[in-house]
Each structure stands twice: as structure tokens, then as C-alpha cells.
4 protein chains.
Amino acid sequence: MFKVAVIGSTGYAGAELVRIVSAHPQAELTMITSRQYAGQPFSDVYPAMAGIVNLTCQSFSAEAVSEAADVVFTALPHKTSMEVVPGLVARGKKVVDLSADFRFKDPAVYEAWYEPHEAKDLLKTAVYGLPEIYFDDIQNASLVGNPGCYPTSVLLPLLPIIKATFVDPDSIIADSKSGASGAGRSVSLASHYCEVNEGLKAYNVAKHRHNPEMDEVLSLFCGRTIRTTFTPHLVPMTRGMLTTIYVELTEDVSIQDVASLLDSFYADKPFVRICSPGRFPNTLHVKGTNYCDIGFQVATGTKRLVLISAIDNLVKGASGQAVQNMNIMLGLPETAGLDQLPFLL
Amino acid sequence: MFKVAVIGSTGYAGAELVRIVSAHPQAELTMITSRQYAGQPFSDVYPAMAGIVNLTCQSFSAEAVSEAADVVFTALPHKTSMEVVPGLVARGKKVVDLSADFRFKDPAVYEAWYEPHEAKDLLKTAVYGLPEIYFDDIQNASLVGNPGCYPTSVLLPLLPIIKATFVDPDSIIADSKSGASGAGRSVSLASHYCEVNEGLKAYNVAKHRHNPEMDEVLSLFCGRTIRTTFTPHLVPMTRGMLTTIYVELTEDVSIQDVASLLDSFYADKPFVRICSPGRFPNTLHVKGTNYCDIGFQVATGTKRLVLISAIDNLVKGASGQAVQNMNIMLGLPETAGLDQLPFLL
Amino acid sequence: MFKVAVIGSTGYAGAELVRIVSAHPQAELTMITSRQYAGQPFSDVYPAMAGIVNLTCQSFSAEAVSEAADVVFTALPHKTSMEVVPGLVARGKKVVDLSADFRFKDPAVYEAWYEPHEAKDLLKTAVYGLPEIYFDDIQNASLVGNPGCYPTSVLLPLLPIIKATFVDPDSIIADSKSGASGAGRSVSLASHYCEVNEGLKAYNVAKHRHNPEMDEVLSLFCGRTIRTTFTPHLVPMTRGMLTTIYVELTEDVSIQDVASLLDSFYADKPFVRICSPGRFPNTLHVKGTNYCDIGFQVATGTKRLVLISAIDNLVKGASGQAVQNMNIMLGLPETAGLDQLPFLL
Amino acid sequence: MFKVAVIGSTGYAGAELVRIVSAHPQAELTMITSRQYAGQPFSDVYPAMAGIVNLTCQSFSAEAVSEAADVVFTALPHKTSMEVVPGLVARGKKVVDLSADFRFKDPAVYEAWYEPHEAKDLLKTAVYGLPEIYFDDIQNASLVGNPGCYPTSVLLPLLPIIKATFVDPDSIIADSKSGASGAGRSVSLASHYCEVNEGLKAYNVAKHRHNPEMDEVLSLFCGRTIRTTFTPHLVPMTRGMLTTIYVELTEDVSIQDVASLLDSFYADKPFVRICSPGRFPNTLHVKGTNYCDIGFQVATGTKRLVLISAIDNLVKGASGQAVQNMNIMLGLPETAGLDQLPFLL
């Protein structure tokens, strides 16, 4: 059993980590921390976990955490992560960081969208934790920057396609729709029940911080600069993210061609399910799971390819993917602890 | 007072017509029909209207309807409308039809997407009921084909822009999100509470019947063939439609340029509100109203314009717009009966 | 036209007042105040009202408000109200207060559940603003304490019954279910979208502050002490309140007897609708309206009467009832400005 | 590994059985049947299960089912169950029936509320499957009548209390609130998204079929006739049931007394969690689990005890409890396969 700590355990991503690790067959949750709830039993904060998780939230100390755990998940706001992670890596811990702090290769891009980076050295060795693409690098990583939810939902359908001769990589448009849990557990008017319920809006149009993240990964993957147009939307539901991507076709391509390409790219990837032509994903079908379901359509009249992905933003978009990364870093089966069943309803 | 009949009064669009006409200062609701609920008081079907609407649903008869009303709203399934409308027009009634049957100029397009058209002659004189564009034609029309909800949400933000030299009219992508009332009141698994709630999906991707409708209007407006890529989505809420449109820019354009163009195009249109730059519409802000709110962003890095519209699919997307058309046909103030306040929450 | 001010205009009750007064045929909204948004246009806070309400939020000053308005609605937290109201009453204004500060006759009860009362003198002349019961007193009042949402939903079905010989007034149990807007617009974890959505809970069981309020009214009405058992619940929806009341029958009574009693009690009351036997109210049927719908059942096997009421907690449960009180105080028709149609959906 | 069949696998209770049994460590799902979807892969009906459940829905045949399985869950409408179950029992199968057909001891009561019973003999040996109470009987049963969701939510909090000297067993009132999945997957206007969303209503007030079911169990348990007043409500959410129960106190009792009594009654019951005094259950905390959370309050002023239970209506209220019964019938650990984590959100 590997010993695991979750830093920032009472936010939604942290709590979902606690939930998943609790049921992991080869991991033992030995420490959880929370600034806000230090000293309180986790099950007082999340009564759902009464009788299941018996840990009490601790204040963070790098020493105590390092003593208690082999692997550390840091589910902290950006900037806070970069203050905490170096000390854990220095102590030889495997770290999966869920903030944006270790997702970028180019610190200038990070600094343009976030703020001054105080641990630039680690950016060189940190690995972008998208396991379907960077499995080998993750195996050898000490520090994984866990992808953002939006980039995960954009990259998984797009990467198998983007190098194909039949698409124009300069034509990518991604229109994403997210449930409200993506905004986290911190209270704000934007997450107030009556402001979200029965409403629907776009926000940070063409200005969201996840846009440069997906662009950097796409550019590195393609070996040339790629810029996408990206619009996030807030949808009145708790979990789930649906992304609809539009790309220009430069040649005629059939829907079967696209099916074959996707099927073959993800043939041995346990968490990607390719819909059969004519069927489209629904966030309800991935709720509570680490799956990414991918559907597609060829708009023959306008020569465009439409790709659609569905993930649970808290699982494949955050904590499930983080555990998948941990599994790979530790040499465990990629799916260990991630076989929780879909919610169905 | 003009006398008004609503044919098909117990579907959601029909009931919303009943609701709006009930409070119209210059219209009197004199007859309502319903095949399914003939003989039943309307307020038994919609108990909300107890004490407000005291009519009983009738079976449809062209004679009786024509005797009772000056203006007739037909809120029927397509095909049923084309069976009913000619007899009403022949009797000299003003008709606003909410089905697709009288929206198309080219019967071949209608027939390719729907079915054989049995009242082609009327297509020549029927007017497409988008008042912000076709006000003059509607004034003189006997028969108005009330636009689909999706085309309304796409055309209003797009038409002011599409002839500008700075956009490429072949690059239009429209990504629409609709609340569940758009699917109507007929029961089906797709509209079953537990299948919609907490789910999010695309459907009829690049194959929705509203796609040729918006394309025909755009083409006629621009004087050349326009084809759009259109994806509708179903969102877990009752009312509301948000559409995000992407167009390529062929020249540099500032967000102020776009603001000016939209502001000036809609300067005297009472039901279009242009958001100030940096603010985006929310379906919650138009719920229960005939407004179309329009926001926009210039994605400078990718040289695209993003337009976003919000409407209430049952009001500006259906019954409110139908009443607006009636007002124009009758020479009434365009806003008569349509000043119901937003719901706020 | 009477001039109206709304103090505390940006909370949900205040904004709903702004909404209703905006459309009132005999009232003009001349001033709105907001501590938090002073200096900002109301339509920046509630973009739904763009083009409809053109007022800017002011800081509160008793002088300025008194100069601008004949009638003042105070939609403030309790305690803040009692600081503001005396100055307005002293200046001869008609005041409808939506807090708890002027609902109680007995200051000791208020102080036991809230805090020290600083305007006890006004309690003697303040009238409890339940117009279906206290119409005459409201006509002559300078200051009306607008009832709480829960008491309104309990008292309207119960008062016509409670003096009947066939019920035991010591057996009242009220089980209420409220939408989330009842908790107001102040952000808190309890009103955070993901904590409310898909959840259902009781709170303040037998300890809610509205319990002594309904008990005092019942006791005064019956001329003896009445104590009810009251449980409020939070339901995942924005608007609406459903209350189910259980009372022991001391004699056999038929459902028709109950129907007759309720029908006759509310015969000339425009905002109470009695369901026919076998039909039960639904909050969806009163959404956006000032109606209270009342249903009932006789549980013959257990000799209990079940009464069920549905209101919109923001309208009949707060701002609509406040406007109804204003109408009565000003000698206007009771329904003026309150004929906004139900939302239907 | 025990072989398991699910008859009626595509309704919500059936699908939830498929879900739970799929992950059961000592059970293998060998056959699923569905009249409506015979011949179709289960994952076409529930795409969430793609890659997890690879079975195809079969038509029902008693022979084929008996050959394929040791244990059979019948998740069928009442009446259909009684046609199917006798043949399975006759073939020596262990059967857990989720309909009402085998829940009653007294066929006359069943027939008064349902219809003529065609397998009365089996009523004598069928066991009411509430494991916290009838564990021993279930161990030896061939046929278990799985309790209704409402009776489960009423009986678990009430049975430990009802024989106490300090309560009046003739004073029981149960006010239940259920999510929409309780109405099943068959389409109907009552389960149509727009009719449920943002609405709240009582239905079958004092006339619900689950009322005689809970009354019979209570009466047998107490050795005297007990009649409860029961009101079910429909709440706009998918899963979850909250029941609030009111009982008169005949003596003074403290909240600690009640806590002790409940704690001790359920000391060794893995699926009942007693809230500490002052905390109340929330359906969100049991979503996806087989837990029943129980809270309570003493209303000292009115001498009543308030008991509140929360369950997931599809799990402890249906399929989870059915698997719990199977575990007991087979001598497996009671919790086997039922340790799926709560959904948290």
C-alpha cells in the first residue's frame, strides 16, 4: 500500500481525491490537510463520508506530510501550489499538482496569464499529466502538472486528429460547457444557487486561462504554433463538461475515416470511449467516472469536422486524472481505484 | 379589440400564446382549440391560469375559428399546419403560423428536410416573421411564417454583421444551447426528467432542420449562398437559449467597431439589447421576455469574431415573436402586450 | 401616481419589489437604495432590467427618501429595519417593512428569538400585513410589518379552519418546503449551487424564527395560546414554497365541508384560489404570482385534515404581499400592479 | 461466484441493480431481460455502461433464467411480478421481488389497494425485506418482497421508537419528499422535464399505496393496529428521499434519550447512520449509497418528536436494499457489493 496525502482536501477537487483514494486498492490515505477546516473531522465537512473516512483535517506542514506520505496530491489555488510543491519534491515525494502552476513549459506564458513564477526550475522536469498522450513521461516523473478540465476535454478529441493531413490546424474552435462544480467550493455570487439555476452564459470569452494551456500542448504536439478560439460556458448542473470542437477539413473525409482514426488512436486506452457514428456523448453517461466519451460528425456541406467530448469535470477533468497519473508514476495498473461505476442517473 | 384564436393551445408554444394574449391590451382571446383536450377548460390543463383564462378548449373547425377571430395563431406540428392554414387565409384571416410549414421560400428545401408541401402557393406570399429585419413585409402580410427558435437566436446577432467587409460569410459556425421546453410538451424519453436533469448533450449535429432555415434567410439577405455549421445542444433548464457564433475576420476590427455596428443596426428596435463590451448575455436575464440580448468579443489572437445571443426560446423564440408579428400586421405598437417583466429569478 | 422608494433594493425581495413597482399603474418608483451597490445603475446589478429600470442605487438617507417618496418599502435585514423605520414613520411616510422587526405584538417574543427591540412603541401601531385577514387594520396603518414567507403559507390555509369545532387547535403540525431564493442573495455555503442542487434537507427543526410568528398570529386570532410544530425544508429550486399542514379532527367531516368552508372564507379574496377536492397545488402554478393556492384532503382512517398551500415565496411570501399592503394603505384596488401573469413554465 | 439474473433490467430500479451487481465481488451477472429492449445490448439503452456491462437484453423465459442464475431479481410492475415469481420459486431459485406483490401478509389489504392476487400461497412464506429488522427471516427466505421506498424511509427511523412508552403510536404523521426517479422510466406528463423542474407538489395525499404497506409492518411489529397519516411529495431532483415524521410524546424525553435509543438499536447495522443531535440528514449525503441517515429533534413546546430520514430512493429505497437482501439470503457479508462511495456532489 502506498501512503497518500491530499493537500487542500476540502475543496471539491480535494474532496473528490479523498473519495477516490478512499476506495483505492493499493493506496492508503494517511493525511489530509485544510487551512479552513484544520482540526475538524473530514466527515463534519462532508457528512456523506461519515463512517467511511475517519481522518481529521490537518494544517499543512511539509515535514509532517512528507513523513506521512509517499505520494502527495496538491489541490490548492495556483500560486499557493508553487509555494508548497518544491519542498515536497525536494523531500523525494511524488507530487501530482492540480493547480495551473506546473502545467506550462514556457514560464513566460504562465506569467502572462497568471503571475510571477517562483519555481521555474521545476517547470523543466514537471510533466503535463495527460496520460493518454504522455504516459511514458509520467512514468518517470516526480512532479506532474495535472491538466485543466477544459484542456482535457479539448485535447483528448483533438490530438488524434490534429496532425492528419485532412484538417487545418489553424481553424480550431472549441466551445465548452461546464457544470457549476468547476468553479469550486468558495462562495461567490457567480456560484450562488439562484444565479446559476435556470441560467446559461458564456464567460471569459476568448480570454480564459485554459486557452493558452491547450494552445501550448497543441503547439508542442504539432511542432508548430497553434492558436485556438475557446469559449467556456456555465451550465446549471453540478458535474459534467461537454466540449464541441469545430475544425476545417482540407480534404473530403468520411465519418468512417474519422471513426477509424479515433478507434485506433485510443485502442488500448481504458478511459476513452469512442461513440459509434451517429451517436453523441452525454455528460450523464460519464458522471462519476474517469471516462472521456468522444463523438463526431462530418458536416459535409460546410467541410467541417465536429468533435464532441464529454467528461466529468471533477474526475477525468481533475481528481480522477490525478489518480490515473499517480497510478502510472507508481507503476500500478492505470485503472486502479478508478473503476467506480457511472452514476447512471 | 382584435379577436384572436389560438389553434393548438395546449402545447408549450400555444399555452405561452394564451398567456401573452390574455394580457394584451388590444387583443381579446376568443377561441382556443386543442385536439387532445377538446371539451376541457384550459385551466384544467394549466392550473396556473385558474381565474385568469376561462375558455374551454374546442375542436378545430375552420368555420368556427374564422367566425370567432380576426387573427389566428396556428401552433401545430408541421404538416398539420399546412392542412389548416390555407382555409384560414382563404377566409381572409391574418395568420401567424408557428410551424416550419411557411418559413421557406424554396419548397424544394422544405421538402428535402420535412415532407411534401401541400400549399406551395402560399409560400410565395408568406413572410418570414423576423420583425427586426422584415418589418415592412410583415405589415402587409396575410400569412407570417414565425421563425424557428434556433434561427432567431442565430440571425439576430449575425445579420447586422454578415455583410460587413471585415467578415468571411463562409466561415459561420453556430453553437446553440437550448432549454428543454424547446422539445415541447409531448412526452418522450428524451424529455423525461431524469434523462435531462444533470445531463448535457449535442443532438442532430450538422443535421438539424433549423439549419437550412437559417441558411436560406442568410443567403437571401446576402444575395449569395451561405452555408453554416450548426450544432444544437440540450441543457438541463426549462426556458432559454444561448447561441455562440464564430466568424472569421478578414480585417482587423476593434470591439468598439462591432459595438457601434450592432448599436446602430438595432438603435430603434425595442426587443434587442446590445451588451456593453466585456459583458455577456445570460438566459436568466431574458427569461419571460421578448428580448434578444447580444454580446460579442473579438478574439484577436485568432482573428475571429464571437457573437453571443440569449433569448427565451418560448417568447422571442416562439410565441412572443408571434405576437410581435401580429402587432405589426394589425398596425398596433410593436410592443403591445409584450411588456411583461423579466422573471429576474 | 404615488411615489415609491425601495430601501435595500438589490436583495431578492428588494429587487422583486423593484420589478413589481416598475409595472404598477398607479405607482412610480422614484428612489432605490443599496448599501452594497450605491452609485451603480440597478440594471448593472440586475441586467434583466436593462431598458426597463433606469434608476441608480443610492445610499440611504431618511431625508432624501422622505423627500422622494410617499410610500417606502424597507427590505432590510432585521435590526437594520428598526433603525431606519422610525425616522420614516416620523416623517409621515407610509412604510411596509419586510423584516421581522414589526411583525410581533409582544416585544418579549421578538426579543427571545431575535434581539433587543429599539422601537417598541411602533409595535403597538404596526399592523401585521396579512391582507386576507387584516384588511381593515391595514387600511388605516402607517406601518405594516409584512409577514414572513413561512407564516403566510401556514396561516392562509389554517385560519379559516382553526376556529371550527371539528378541529383540535393544539394538534397543528406544519411541514414547509422552500426554494432557495428564500435564503436571499447573500453568498454562503448553504446557498452555494452545488450544495443545494440535487439535495434536500430540513433545517432549524422546531427552532425556526417564523414559528413564534405564526404562533402569535394564531393565538391572537383564536383568543387562546396556540403552539405549532413547524419544520422548514430546503428544496433545489429557485422560487416557491409548499406547506403541508396536519390537524386532528374532533368530529367527522367531509371533504365537501372543508371545501365549502374555504370557498366561503375566501369568496371575495382575489389572491386565494381553492383547489377543487382531489386536486392539489403545485408551486409551478403560482410562480411569479401573488396567488396562494390551497388544497386539502380528509384522511378518514386517521381522522386528520391535511391542508396544502403553494405560494411564490418572493411574491405572496414577500414583495407581492408588500405591494398588496401598499395598495390597501393607499386606497388603491388590492390587485393593482399584481396582475402579472403566472410563468406557466 | 453466485449467478444473478435481473428481470426487468432497463427500468431505473433494474438498471441500478445491473449497476450494483456489476461491481459485486461475489456475484456474476449472467442474464438480464427486458420486454421493451429485448435483443439490444444493455449499453445501447444505458450508454454509461459501455465497456462495463456487455450483456444483451433477453426476452423473459422462466427456463432460461433458471438455467442461467441462482438468484433472480424481479424488477417488474406489480401484477407482472406475481405472474413470473411463482415459476422461479418453484424451480428453487432465490428471488428478491421489487414490486409490491410480495410485501403484504394480508392478501385482502393487497387486493384493496392493488388487484386480485394470483399467488396468495407465496405470501405466507415471503419475507418483508427490511434487513435491519427481519435479518433472520431473510436468511432463511426463498422469496423476499423488497420494501417500497417510502415505507423504508418511514420504518427505519420509526421502528426503534414506536414501542417506547414515551410515544403515542396513534399519532404518527409521515411527510415524505421524493426525487423524480421514484416514478420510474416510463414516460408520462407527470415525469416530463418541464412539468417537474422548478415545481413542487403533494400527490395521492392520504391515499398512496405505500401507506397500507407501512401500516401493516408497523402493526405487526407493535402487535396492534397502527394507522399513519402519510403524504408523499415530488421534488425537482433525480435521486433522493427525505421523510419527516411527527409523533406525540406522552412523557418528557430529552434529545439525548432519543439519540441513545437510536444509537443502540442500530449499533451493529452497517447501513444506518444516526446524526448527532442538532445535525439533520440531507439526501445529498446518501446519494448513490445504501445508507439511511437519521436525524431527530424534540419539539419541547409542543411535546412532539420529529424524526427525519434520508435515503437514496433507488439504492436503500430499492436496488441496494435488494442486493442487501440477496447477500443475507446467500450468507454473504451484508455489505458485499454495497460499498460504492457516496457521490459527494
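How many bridges join β5(C) to strand β6 (residues 143–145) of chain C, and in which sense do the two run? I looked this up first: two bridges join them, and they run parallel.

**Ground rules**

I noted that this is a predicted model, in which local features need pLDDT of at least 70, side-chain atom pairs count only at pLDDT 80 or more, and totals for chains, interfaces and linings use all residues. Residues are numbered from 1 along each chain as its sequence is written, while chains are lettered from A and ligands numbered from 1 in the order in which they are written.

**Entry: the parallel sheet of chain C**

I took helices (H or I, at least four residues) and strands (E, at least two) as DSSP runs, numbered from the N terminus. Two strands pair if DSSP finds at least two bridges between them. In chain C I followed an open sheet of six strands, in the order β2-β1-β3-β4-β6-β5, with parallel pairing. The edges are held by β2 (27–33) and β5 (127–128) of chain C, each with a single partner strand, so one side of each has no neighbour in the sheet.

**Entry: the mixed sheet of chain D**

I then turned to chain D, where seven strands form an open sheet of mixed pairing, in the order β8-β9-β7-β10-β13-β12-β11. Here β8 (201–202) and β11 (272–274) of chain D are at the edges with a single partner strand each, so one side of each is left without a neighbour in the sheet. I checked one pair inside this order: β7 (residues 173–178) and β10 (residues 241–248) of chain D are antiparallel, over six bridges. D:Ser178 has D:Met241 in β10(D) as its bridge partner.

**Entry: D:Met214**

I found D:Met214 in helix α10 (residues 210–222) of chain D. Is D:Met214 buried or exposed? I counted a residue as buried with 20 or more other C-beta atoms within 10 Å of its own, exposed with 12 or fewer, and partly exposed in between, the C-beta atoms being placed from the backbone. D:Met214 is buried, with 25 other C-beta atoms within 10 Å. For contacts I required C-beta atoms, placed from the backbone, within 7 Å. Apart from neighbours within four places in sequence, D:Met214 is in contact with D:Pro151, D:Val154, D:Leu155, D:Thr228 and D:Phe230. I also looked at D:His192, which is 22 residues from D:Met214 along the chain, with 29 Å between their C-alpha atoms.

**Entry: the nonpolar core**

A nonpolar core here is a set of buried Ala, Val, Leu, Ile, Met, Phe, Trp, Tyr and Cys residues joined through C-beta atoms within 7 Å. The largest has 452 residues, and A:Val6, B:Val6, C:Val6 and D:Val6 have the most contacts inside it. Not counting residues up to four places away in sequence, I listed the residues that D:Val6 touches, among them D:Leu17, D:Ile32 and D:Phe73.

**Entry: two loop residues of chain B**

I noted B:Lys79, which has a positive phi of about 75° although it is not a glycine. B:Lys79 is in the loop between β3 (71–74) and α4 (80–90) of chain B, and counts as partly exposed with 15 C-beta neighbours inside 10 Å. B:Asn204 is not a glycine either, and has a positive phi of about 45°. B:Asn204 is in the loop between β8 (201–202) and α10 (210–222) of chain B, and is partly exposed with 14 C-beta neighbours inside 10 Å.

**Entry: chains against each other**

Which surface touches chain A on the side of chain D? I found 28 residues of chain D in contact with 27 residues of chain A. Helix α1 (residues 12–22) of chain D gives the most to that side, with five residues.

Key: Contact = placed C-beta atoms within 7 Å.
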